[in-house]
Amino acid sequence: MKIISVVGARPNFMKVAPIHRAIKKYNQGTSKQQSVALIKHLICHTGQHYDDKMSKVFFEDLELPRPDFYLGVGGGSHAEQTAKIMIEFEKVLLQEKPDLVLVVGDVNSTIACGLTAKKLHIKLAHVEAGLRSFDLEMPEEINRILTDRISDYLFVTEKSGIDNLNSEGVSDHKVFFVGNTMIDSLAYYEEKIANSEILKGMGLGAQDYVLVTFHRPSNVDDNSSLQKLVEFLNDIGKLKKVVFPVHPRTKNNIEKYKLNKFLSNSIILCDPIGYIDFQRLVRDTALVITDSGGIQEETTYLGVQCITIRNNTERPITVDIGTNQLIGTNLNKALATANKILNGKLKIGAVPEKWDGRAAERIVEILEQG
Ligand code: UD1
C-alpha cells in the first residue's frame, strides 16, 4: 500500500509525525512476515507555511524526514492558495498513483489535496474529522465540512465529532473514534519538552508568565480589533509578564498599523517558537490566552489553564471536561477571568477519552485492514 500524507501549515506537522512513526513501526513489525505487505509512506509539503520558524524547525523537532515532495505554493488569497496547491498536487498524484491520500486538520492544504485526490478516484483519509464550530465565516469550517464530505476514512478525536458526522448523514462505517494524533506528539516528546532550556533562555520561571497567541483574521486583521488586543495585553501585563510569540500574519499587521510602540515593557514579543520549546512554555505557564484551535487541546491534555478568545470552539470537549474557558471576544470579560485564574480560581480538568498517545497506531491498524 502506498500512502501520501499531506502537510502544509504549522498545525499539521505534529499531527502527521506520529502517523509516520506508527507506519515505520508497523513496517518493522511486519517485515519479518513475508505474506504481509509493507506500507510505503510518502510526505508531501504544500509550502502553505514556508518560513523556517513556521515549518523547518518542526521537521527537526518532530524528527520528520525531509518531505518527498515540496510544492512551494506560499501565500496568496484563499482561492489562489487552494488552486495552486491543487495544480501542483495533481502532478504528484499522477506520477505516484498512491492508494490513499491522508490529510489532517482544517487548513487550505487539507481541502485542496483532499479534493484533488478524490477527483482522481484515490481513497481519502481525514485525520481530525467531524469537528465543527458551526461558523461558516471561518475558512477552516468550510475546509472541515468539505473534506469530511468526500473522505472515505474519517478519524475522529472527540465524541462531538461522531455526533456531528452522524447528523450530517455520514455512514457509520466510515467513522473511527481513534483519539488525537496531536496529543500523540505531546505524549511522545514529554521528556524532551521537560528538558527544553527555553525558560532559562528567556529568564522566566514556572508560573511566572502568561503565554499568549493570536493569529485569527477576525482578531488581528483589522486595525481597531488589533488595537484593543494590544490594550488587553498591556492590562494582562500589569498582572504578570506576557510571552507573545507572534505569527507572521499578526506581526505584519502590528507593523502595518504601527502598534509596536503601544506595547508595554511587560510584553515579551518574540518570533514563532519551535515545537519542543513552545510546549515547554505551555507546560509551565500560569495561563494561556489564545485564539488557536490546537492549543485548546494541548492545554487540556496538560491540565494548564486556558482562556480562548473566540465565540465558538470546534473542540467542545476542552470546555466540557478540560481546562479551557471559552470567553467570547469581550476582552473585559477575558481580563476578569484571567484575574480570577491568576488569583487561584482554577478550572479543574480531565484528559479526554483516547487521548493516550496511541491514536496514530489505531489509524495505521485501521488503514492496513482496509
Ligand atoms: C493557517 C490556517 C489556520 C491555522 C494557521 C496556523 C488556513 C485557512 N488557515 O492560517 O487554520 O490555524 O495556519 O498558523 O489554512 N506567512 C508568512 N510565513 C509563513 C506562513 C505565512 O509570512 O511561513 C504569512 C502569509 O504570507 C500570509 C499570512 O502569514 O500573509 C497568513 O498565512 P496563511 O497560510 O494564509 O494563513 P494562516 O493565517 O497562517
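Modeller: One term comes first. A polar contact is a pair of N or O atoms within 3.5 Å. Within protein, one atom must be able to donate a hydrogen and the other to accept it. Residues adjacent in sequence count only if both atoms are side-chain atoms. Keep in mind too that this is a predicted model.

The space it takes is the largest pocket.

The side chain of His49 has an N or O atom 2.7 Å from an oxygen atom of the ligand. For Asn108, the backbone supplies the atom: an N or O atom there lies 2.8 Å from a ligand oxygen. Arg249 uses its side chain, with a polar atom 2.8 Å from an oxygen of the ligand. How much of the ligand does the protein cover? On its own, the ligand has 740 Å² of accessible area, and the protein covers 86% of that.

Is Glu140 buried or exposed? The cut-off for buried is under 20% relative accessible area. Glu140 has 17%, so Glu140 counts as buried. The side chain of Glu140 also joins that of Arg216 in a polar contact of 3.1 Å.

Another glutamate is worth a visit: Glu314. Glu314 sits in the loop between strand S12 (306–308) and helix H15 (317–320). Glu314 counts as buried because its relative accessible area is 0%. Its side chain makes polar contacts with two arginine side chains. One is Arg310, at 2.5 Å. The other is Arg315, also at 2.5 Å. Here the opening definition matters: a contact between residues adjacent in sequence counts only if both atoms are side-chain atoms, and the contact of Glu314 with Arg315 joins side chain to side chain.

Ser224 belongs to helix H11 (residues 223–237). With a relative accessible area of 39%, Ser224 is partly exposed.

Thr157 is a loop residue. Thr157 lies between strand S6 (153–156) and helix H6 (159–167). Its relative accessible area is 3%, so Thr157 is buried. From Thr157 to Ile327 the chain runs 170 residues, and their C-alpha atoms are 23 Å apart.

Two other loop residues are exposed. Phe134 lies in the loop between strand S5 (123–129) and H5. Phe134 counts as exposed because its relative accessibility is 64%. Its phi is near 60°, a positive value in a residue other than glycine. Lys258 is in the loop between H12 and strand S10 (267–270). At 57% relative accessibility, Lys258 counts as exposed. Its phi is positive as well, near 50°, and Lys258 is not a glycine either.

Last stop: helix H17. H17 covers residues 359–369, and its buried residues are Ala359, Ala360, Arg362, Ile363, Val364, Ile366 and Leu367. An α-helix has 3.6 residues a turn, so residues three or four places apart point the same way. Leu367 is part of H17. Its relative accessibility is 5%, so Leu367 counts as buried. Leu367 and Thr285 are 82 residues apart in sequence, and 38 Å lie between their C-alpha atoms. After H17 comes Gly370, whose phi is positive, near 70°.

Note on methods:
Residues numbered from 1 in each chain as written. Predicted model: local features only at pLDDT ≥ 70, side-chain atom pairs only at ≥ 80, totals over all residues. Heavy atoms only, no water. Buried < 20%, exposed > 50% of the residue type's maximum accessible area, 1.4 Å probe, protein only. Helix = DSSP H or I, 4+ residues; strand = E, 2+ residues; numbered from the N terminus. Areas by Shrake-Rupley, 256 points an atom, 1.4 Å probe, with all protein chains shown as cover. 1 Å grid on protein atoms, 1.4 Å probe; cavity = no way out; pocket = protein on both sides within 12 Å on 5 of 7 lines; lining within 4 Å. Sits in = over half its atoms within 2 Å of the grid points.
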